[in-house]
Amino acid sequence: MTGKIKTVGICGAGGTMGAGIAIVAARAGFETVCYDTAADALDRARTQTDGFFVKSVERGKMSADDRDAAMAQVSNTTDLGGLADCDLVIEAVFEELTIKQKLFRALNGICAEHAIFASNTSTLSITEIASGCGREDKVVGMHFCLPAQLMKLIEMSPGINTADSIFDTAWAWTEAVGQIPVKTQDKPGFILNALLVPFNNDCIRAVEAGVAEPAEIDNAIKAGLGYRMGPLELIDLIGLDTQIRLSEAFYPITLDARAAAPPLLRRMVAAGRLGRKSGAGFFDYAGSGMYGG
Amino acid sequence: MSYEIRLNGNSRSFPSGDAFFDGATDDADIVLLLGTPSATVVPEVGKTAILVELDTECLGVHTGESAGEEGSSVLGFARYRNGEDPPSNLIELVRQPNSDEDAIAAAKTLFELAGYTVCLCSDQAGRIIDRLVRPKYNDALRFLDEGLATAKDMDLTCCMGLGYPDGPIERVERGGMAEHYRNTHALFETYGTQGFAPARRAVVANARAGTPEKK
């Protein structure tokens with residue numbers, strides 16, 4: 001079934017998620033066309049991709065020949081027309097409905113009739129993203145986890161108008177590139193974020209309510225439940241501003257009070273405490289360098 | 001550090017035969033009230049700390065409260081366990097606003113020397129873990145009813161996407177759906193918000209079990 005898919009396009013390939021998805025596709029032997037509006041971002045992503053494959057060879061996860069073959073599959077373009085020959089286009093652009101809709105409408109006029117469009121959205125409706133694009137039956141949700149090149153899970157969602165055969169083809173492609181797909185309905189946050197966003201907000205509210213200090217909450221969750229990372233450390237990693245953005249995407253749709261951004265979260269962002277990227281969030285990271293570094 | 005155990009009924013934190021009993025003495029400056037504690041617990045002369053094992057209730061149920069000024073050498077605690085799963089290594093130590101700091105320090109030292117991870121929290125329903133995870137289990141159970149995904153795929157997503165050792169459905173099933181009802185019922189009674197309201201599957205399990213308030 002994946003025989004139909006030979007060439008894969010990645011929109012937003014200059015970003016972290018897009019670059020990771022490109023690695024997944026190229027590593028599995030698919031011709032991979034990386035599109036972004038910023039040429040310098042694409043260049044940086046290519047350098048990082050090359051570095052990732054070099055490390056993979058060093059760690060014995062792939063041969064030098066396979067690395068060369070994978071890199072040869074990757075090409076960059078800042079021209080959307082460069083995606084004309086793609087059989088599957090995966091978008092990982094900014095998480096805003098109108099931007100994604102506009103992109104798919106434009107691609108509909110460029111790509112061949114059989115081409116499948118996939119959205120890496122983590123919160124938006126696949127049906128709404130597909131709406132008005134001109135090929136609503138060929139749009140699927142394909143949500144990778146960060147970092148895509150390491151995390152195997154993909155949440156796969158059909159929109160209301162997605163054809164079964166198209167969903168099956170896209171599903172088979174995710175398996176062909178070595179990922180593990182799970183099927184979810186087209187609902188806000190699918191599985192992962194639908195569970196995580198309210199839970200993270202609950203943890204913030206627990207701090208705000210004086211239940212315990214952040215370190216006590218994280219230690220309790222790790223010791224009691226066996227999680228590898230405490231929820232507040234995870235929010236620091238995600239970014240407190242991102243947690244607000246996720247909450248704002250969820251709450252108006254679900255009207256779940258737990259999904260609304262807690263007042264403490266807004267105060268912390270206003271105070272410049274965005275998490276690891278700003279050096280402080282629920283914990284201080286001054287001098288700790290980049291996460292994982 | 002010596003400790004004395006007064007057992008009344010069964011302890012969820014330290015089930016019969018638990019090694020923690022082996023370290024207890026007959027008369028010590030730290031007293032643990034395990035099982036079902038007395039309705040009222042008061043400080044005792046010569047005792048650094050009185051540690052009351054809590055179930056779903058607040059410490060204030062046993063000590064009384066006084067306009068936010070409450071606190072003494074009587075503290076609460078519970079060793080977290082998921083229903084009938086074996087107890088975890090986590091001790092949630094419960095304080096009140098004016099709890100005796102020496103009592104807190106002594107309790108922490110006692111449990112840490114015994115090999116437990118101790119997390120200090122205020123006297124609120126659900127303490128840390130149940131307050132935070134029970135609404136998430138409710139969500140997962142509701143999603144299951146609504147057909148968002150299969151139980152297997154929800155669990156797999158949490159394990160692979162978030163690195164959890166087990167998924168929410170698997171965990172709540174293992175711990176017991178009626179037990180989930182008992183916990184969420186207690187939380188909902190206190191907070192009254194929708195997230196704590198027992199999920200439909202928990203209501204069903206509780207109705208079948210027919211023992212809504214057993215400890």
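I begin with helix 6 of chain B, which covers residues 177-191 and so counts 15 residues by the DSSP runs. From the first C-alpha of this helix to its last the distance is 21 Å, close to the 21 Å expected at 1.5 Å a residue. Please keep in mind that this is a predicted model.

Which residues of helix 6 of chain B are buried? They are Met177(B), Ala178(B), Glu179(B), His180(B), Tyr181(B), Arg182(B), Asn183(B), Thr184(B), Ala186(B) and Leu187(B). Against what do these buried residues pack? Their partners, again in chain B, are helix 3 (129-146), helix 5 (168-175) and helix 7 (200-209). Just after helix 6 comes Gly192(B), whose phi is positive, at about 70°.

I now turn to chain A. Its secondary structure consists of 11 helices and 8 strands. The domain assignment divides chain A into domain 1, residues 2-183, and domain 2, residues 193-278. Between the centres of these two domains, taken over C-alpha atoms, lie 29 Å.

What are the overall dimensions of chain A? Along its principal axes, the C-alpha trace spans about 55 × 45 × 35 Å. The radius of gyration of chain A is 20 Å, which agrees with a compact globule, because 293 residues in that form would give a value near 19 Å.

Of those 293 residues, 48% count as buried. As for contacts in chain A with a separation of 6 or more, 67% of them are between residues 24 or more positions apart.

Technical notes. Residues numbered from 1 in each chain as written. Chains lettered and ligands numbered in written order. Predicted model: local features only at pLDDT ≥ 70, side-chain atom pairs only at ≥ 80, totals over all residues. Domains from an automatic or database assignment. Helix = DSSP H or I, 4+ residues; strand = E, 2+ residues; numbered from the N terminus. Rg over C-alpha atoms; globule rule 2.2 N^0.38 Å. Buried ≥ 20, exposed ≤ 12 C-beta atoms within 10 Å, placed from the backbone. Contact = placed C-beta atoms within 7 Å. Expected span 1.5 Å × (residues − 1).
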